[in-house]
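Subject: Structure handover and notes

Dear colleague,

Please read them with the structure open beside you.

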Amino acid sequence: MKYIAGLASALGGVMIAILVTITAAAVFMRYVVGAPIQWTEEASGILMIWIVMLGAISCEWRRQHLTIDFVVIALPPTARRVMTILVALASIAVLILMAWLAWQLAQTASFKRTQILRVSWFWLDLAVVVGAIGTAAVTLHQLFFPPEPVSDDQIGH
Amino acid sequence: MSWFIIIPIMLAMFMLNMRIYLAMFAGIVAYFVFFSNVPLAIAVQRFMSPAENTSLLAIPFFVLLGTLLGSAGVANRLLKLADLLVGRLTGGLGHTNVMLSTLMGGISASNLADAAMMCRMIVPEMEKQGYKRSIAAAITACSSLITPIIPPGIALIVYGLVADVSIGSMFAAGILPGILCCVLLLFAVWAVAKKHGYKPSRESWPTASETGTALLGAWPALFLVVVIVGGIRFAIFTPTEAGAIATIVTLIIGLFVYREMKMRDVTSALTETARQTAAVLLVIMTSSALAWIFSLERAGIGMAEFITGLTTNPYVFLAAINLLLLVLGMFIEGTALMIILVPLLKPVVLQLGIDPVHFGLIMILNLSIGTLTPPVGTVLLLVCNLTRVSIVEFVRDGWPFLLAIFLALVMVTYIPFLSLALI
C-alpha cells in the first residue's frame with residue numbers, strides 16, 4: 001500500500017512538472033515565437049483531474065486531507081476509536097459509490113471527445129474511478145494498520 | 001426547502017472527522033437521490049467540471065513556488081535586505097521579521113509555509129538577542145498573516161474562483177491591506193520592544209554601499225516579485241501563467257544563480273504539491289457542485305431575503321459577518337469555510353451595495369485571523385509546536401500583535417478604499 005501511495009504521488013509530481021512546462025511554454029510561444037499553442041488549456045484540464053485524484057490517494061496515506069477534528073480529539077479514547085472505525089467505513093462506502101458513478105459516467109460519455117485533442121472523456125472520468133478506489137483501499141488498509149500520528153512539525157514541509 | 005436538510009447532515013459529518021470533501025460529496029449525492037430527478041451520474045460530472053477551469057491551475061503553481069522557495073536561498077537574501085531596512089529601529093529583529101513576511105508575501109502564497117520557515121530562520125536568532133521566546137513566536141505567527149494577503153495568495157485565488165470575480169483584481173486589492181497589516185505590526189513591535197528594552201539589531205542606518213550589496217544579492221528575489229505582481233497587474237499574463245513562469249524563474253535562481261537547491265528538493269516539492277493540490281481542490285470541486293445546488297434551489301436569494309429582512313445597513317451586516325466568521329473560523333478551516341459561505345452570501349453582498357472584491361478581502365483577513373486562534377488555528381499550532389511555546393504563553397505575551405491584526409481587520413472592513421484603490 002505504501003508503494004501504491006508513493007507511485008500515486010510520484011505520478012502526480014511528474015504531471016505537475018508537465019503542467020508547469022506547458023503553461024510556461026504557452027506564454028513563450030505567444031510572446032516570443034508569436035505562434036500561440038491551442039491545446040495547452042485542454043491538456044491542463046486533463047492533467048489537473050488526474051493530479052487531483054492521484055494526489056487524493058497519497059493525501060489519504062499521509063493524512064493531509066482537510067478535516068475538522070477538534071470534536072473527535074475531545075472524545076475519550078474508546079469512543080474516539082469507535083468513531084474512527086465508523087467514519088472510515090462510511091468513507092469507504094462513499095468512495096465506492098463515487099467510483100461506481102464515475103465508471104457509469106465514463107461508459108456513457110466515452111463517445112464524447114475533447115474539442116482539440118480529441119481525447120475520449122472516458123480517460124477523464126477514469127481518473128475519478130482510479131482515485132476513489134485507491135483512496136478507499138488506503139482507508140481500508142489504515143483501518144487495520146493505524147498509522148503513527150503525524151506530528152505538527154511535518155505540516156510545514 | 002426540505003432539501004436544506006443536507007446542510008446539517010454535512011455539518012454533522014464534518015464534526016465526526018469525516019474528510020470534508022467526502023462529507024460534502026455524500027450530501028450532494030443525497031440531494032440527487034432524494035430531492036431531484038436529475039440522474040445521479042451528473043453529481044460526478046458537476047464534481048469534475050471545475051478541474052477544467054484554467055484559473056484553478058494557479059493553485060498548484062503557487063503551492064509549488066512556495067515549497068521551492070524554502071530551498072532556493074531566496075529567503076536568506078531577503079532576510080539580509082529586511083534587516084538592513086528596519087534593523088536600526090528599537091526591536092530590530094522583530095521589525096525584520098515583519099518586513100521579511102511582507103517581502104516574501106510578494107512571492108509566497110501561503111502563511112503556513114511562511115510561518116514554518118520563519119520559525120527556523122529567525123526565532124532562534126531573536127532569542128539569542130534576548131527576546132522572550134513567546135514574543136518571538138507571536139511576532140512570527142502574526143506577521144505570517146501578511147503573506148496570503150499580499151499577492152499572490154492562494155486564498156485570493158480561491159475567493160476569486162468561488163465569488164466569480166477576477167483574480168487579477170483580487171491580487172491588486174490585496175496590496176494596500178497587506179501593507180497596512182505590516183505597518184500596524186511594526187508599530188506593535190516597536191511598542192513591545194520599547195517596554196521590554198529590546199535593542200536594535202544594527203548599530204547604524206545602512207550606508208549606500210551596504211544597501212547596494214544587499215540589493216545586488218537579493219535582485220533575483222526582487223525580480224521575482226516584479227515578475228509576479230507586475231506581470232499580472234499590467235495584463236502581460238494571467239495569474240495562472242504568472243505562477244508557472246515564477247516557478248521556472250525560481251528553479252533557475254535556486255539551481256544556477258544561488259546554487260543552493262538540490263534535485264532532491266525539486267522532486268519532493270513536486271510530490272508535496274500534488275498532495276496539497278488534491279487536498280484543496282477536492283474541497284473546491286465538491287463545494288462548486290454544492291454551489292450549483294444552491295443556485296438551482298435559489299438558496300442565495302433566500303439568504304439575501306432573510307438577511308435584508310434583519311438589516312439593510314451594510315455596516316451592521318459587515319460587523320455581524322465579521323463576528324460570525326471570527327467565531328466559525330475558530331473551529332472550521334478557513335478555505336473550506338470560504339468555499340461554503342461565499343456562494344450563499346454573494347447575493348446579499350451585492351444587494352447591500354458592497355463590492356465583492358472588498359468583501360473578499362474582509363473575509364480573507366478575518367479567516368486568516370482564524371488560523372491564529374485556538375482550537376483549530378493551524379498557524380498557531382504549527383508555531384507553538386515548532387518553538388515549544390504553550391498556547392497560554394502565546395496569547396499572554398502576543399496580544400499586542402493580535403490586537404494590531406484586529407485593528408487592521410476593522411480598518412479594512414470600514415475603509416473600502418484600502419481594498420478598492422488599486423483595482
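Predicted model: local features only at pLDDT ≥ 70, side-chain atom pairs only at ≥ 80, totals over all residues.

Residues are numbered from 1 along each chain as its sequence is written, chains are lettered from A and ligands numbered from 1 in the order in which they are written, and side-chain values use heavy atoms, with hydrogens and water left out.

Salt bridges

Over all chains, the structure holds eight salt bridges, a salt bridge being a side-chain nitrogen of Lys or Arg within 4 Å of a carboxyl oxygen of Asp or Glu. One of them joins B:Arg77 and B:Glu260, whose closest N and O atoms are 2.7 Å apart. Because B:Arg77 lies in helix H5 (residues 74–86) of chain B and B:Glu260 in the loop between H13 and H14 of chain B, the pair ties together parts that are 183 residues apart in sequence. Helices here (H or I, at least four residues) are DSSP runs, numbered from the N terminus. B:Arg77 is buried, with a relative accessible area of 18%, whereas B:Glu260 is partly exposed at 33%; buried means under 20% relative accessible area, exposed over 50%, and partly exposed in between (1.4 Å probe, protein chains only).

B:Asp397 is buried at 14% relative accessible area, while B:Lys132 is partly exposed at 36%. Through salt bridges that share partners, B:Lys132, B:Arg396 and B:Asp397 are joined into one network.

Helix packing

Helix H4 and helix H14 (residues 263–296), both of chain B, pack at an angle of about 145°, with their axes 9 Å apart. Axes are lines fitted to C-alpha atoms, for helices over the stretch in contact, and angles run from 0 to 180 degrees between N-to-C directions. Among the residues that meet are B:Val63 and B:Leu64 in H4(B) and B:Ala269 and B:Leu270 in H14(B), where contact means heavy atoms within 4.5 Å.

Two loop residues

B:Thr147 lies in the loop between H9 and helix H10 (154–163) of chain B and is buried, with a relative accessible area of 0%. Leaving out residues up to four places away in sequence, B:Thr147 touches several residues, including B:Ser101, B:Asn111 and B:Asp114.

B:Pro50, in the loop between helix H3 (41–48) and helix H4 (58–72) of chain B, is also buried, at 12% relative accessible area. Apart from neighbours within four places in sequence, B:Pro50 is in contact with B:Leu56, B:Met285 and B:Ser288.

Surface patch

A:Phe28, A:Tyr31, A:Val32, A:Val33, B:Phe234 and B:Ile236 form a nonpolar surface patch, with about 650 Å² of accessible area together. Patches are made of residues with over 30% relative accessible area and no salt bridge, like charges being joined within 9 Å and nonpolar side chains (Val, Leu, Ile, Met, Phe, Trp, Tyr) within 5 Å; accessible areas come from the Shrake-Rupley method with a 1.4 Å probe, and for residues, only the protein chains shown count as cover. Of these residues, B:Phe234 is found in the loop between helix H12 (208–233) and helix H13 (239–257) of chain B, and is exposed at 65% relative accessible area.

Best wishes
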